[in-house]
Amino acid sequence: MRPLLEVAGLVTHFATPRGVVRAVDGVDFTLQAGETLGVVGESGCGKSVLARTLMGLLPRAPYTINAGSARFMQGGVDRDLLRMSEVQLREVRGRSIAMVFQDPLTSLNPVLPVWRQIVQVLQQHSDLGRKAAQDRAIELLEQVNIPAPRQRAHDYPHQLSGGMRQRVVIAIALACNPQLLIADEPTTALDVTVQAQILELLRSLQVQHRMALILISHNLGVVAGMCDRVAVMYAGRIVEQARVDALFATPRMRYTEALLRAIPQLAAPSHAPLHVIGGAPPSLLATPRGCRFAPRCQYVLPNCSSQEPPLTAASEHQHYACWNPVIHAQVSDGQVSDGR
């Protein structure tokens, strides 16, 4: 079955006075209809740039250099998002692909009531009249669990709490029933209780609308509970992809292992030291030769600093880029193998 989205060799570089920033540097992945893909990694690894590249929200050449392809199945037609004009992208954004941004306050227009912001999207991408669009806006606010939606629809963004603003942003994103929703750190600015509510809302709406979801997050706990597959990014590259259960049970790439070890353990004593990843990510202006994680890796080999590791298949559904991968013991007929 053809994937809903097929990204191959995706490159997004920025031309700056200091040199070329290699924000996304050769990314490949696919996404099936209805599937949830988590994209994780440290701040600055290229997650948000990847999302904005797919949405066509970055400046065009000569400031941004794009290569590769991002083929999207829209209404049975295979189209490359990177080759679309701005007019064509406006037809796709909101209707077929929508995005929930990290900060809902800056995502909303501060001088318009929330109902009008939803109506603008509906009138841009549908044939609804003004009254029908207003009624639909109220329905969407109710759908995302805004209390007293008919009254709160007339509020301005600053009159809403952070959680309610994020619900409004989700209502706007879902106004035209998109095939794909990209959520970029949708719970970062929210407290833990509201985070859980927003994530549960996204999960239920995804099932209801049968849409695919790309969830960008630095919270591995969120990814474990929400996603079918996970792509781990480091310094502009995807260094491991796997089903969520395989990634958490048997990580292969050393960076993935380090990320998982850095998760605080509830069962650990209160005085137990937290695991940290030493050093800092490389500058995207001058990425190192070989494996980009090598300068921070405790298990580095001589060729790690000179040769870039290719994506290697650990199984049909797990691929990693590492010259010295994590070895997991496997038990078979009473014998233990190294699992290489």
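A nonpolar core is a set of buried Ala, Val, Leu, Ile, Met, Phe, Trp, Tyr and Cys residues joined through side-chain atoms within 4.5 Å. Buried means under 20% relative accessible area, exposed over 50%, and partly exposed in between, with a 1.4 Å probe and protein chains only.

The structure is a predicted model, in which local features need pLDDT of at least 70 and side-chain atom pairs count only at pLDDT 80 or more, while totals for chains, interfaces and linings use all residues. Residues are numbered from 1 along each chain as its sequence is written, and side-chain values use heavy atoms, with hydrogens and water left out.

**The nonpolar core.** The largest nonpolar core has 106 residues, of which L5, F29, L180, I182 and I214 touch the most other members. Helix α7 (residues 162-173) gives the most to this core, namely seven residues. Helices (H or I, at least four residues) and strands (E, at least two) are DSSP runs, numbered from the N terminus. Contact means heavy atoms within 4.5 Å. Beyond four places in sequence, F29 touches L5, E6, V7, L37, L50, L54, I214, I238 and Q241.

**Helix α4.** The 12 residues of α4 (residues 114-125) should span 16 Å at 1.5 Å a residue, and the end C-alpha atoms are 18 Å apart, which agrees; the expected span is 1.5 Å times one less than the number of residues. The buried residues of α4 are V114, W115, Q117, I118, V119, V121, L122 and H125. They pack against α2 (86-92), α5 (130-143), α6 (149-152) and α7.

**Lys47.** K47 belongs to helix α1 (residues 47-55). K47 is buried yet has no salt bridge, the nearest side chain of opposite charge being E185, 4.4 Å away. A salt bridge requires a side-chain nitrogen of Lys or Arg within 4 Å of a carboxyl oxygen of Asp or Glu. Contacts of K47 beyond four places in sequence include E185, I216, S217 and M233.

| Side chain | Backbone oxygen | Distance |
|---|---|---|
| K47 | E42 | 3.2 Å |
| T64 | P59 | 2.6 Å |

T64 lies in strand β4 (residues 64-74) and is buried, with a relative accessible area of 4%. Leaving aside neighbours within four places in sequence, T64 is in contact with T12, H13, F14, L58 and P59. L260, in helix α11 (residues 254-261), counts as buried at 14% relative accessibility. With the same exclusion of sequence neighbours, L260 is in contact with L220, L247, F248 and P251.

Terms used
Lys and Arg count as positive and Asp and Glu as negative; His and the chain ends are not counted. A polar contact is a pair of N or O atoms within 3.5 Å; within protein, one must be able to donate a hydrogen and the other to accept it, and residues adjacent in sequence count only if both atoms are side-chain atoms.
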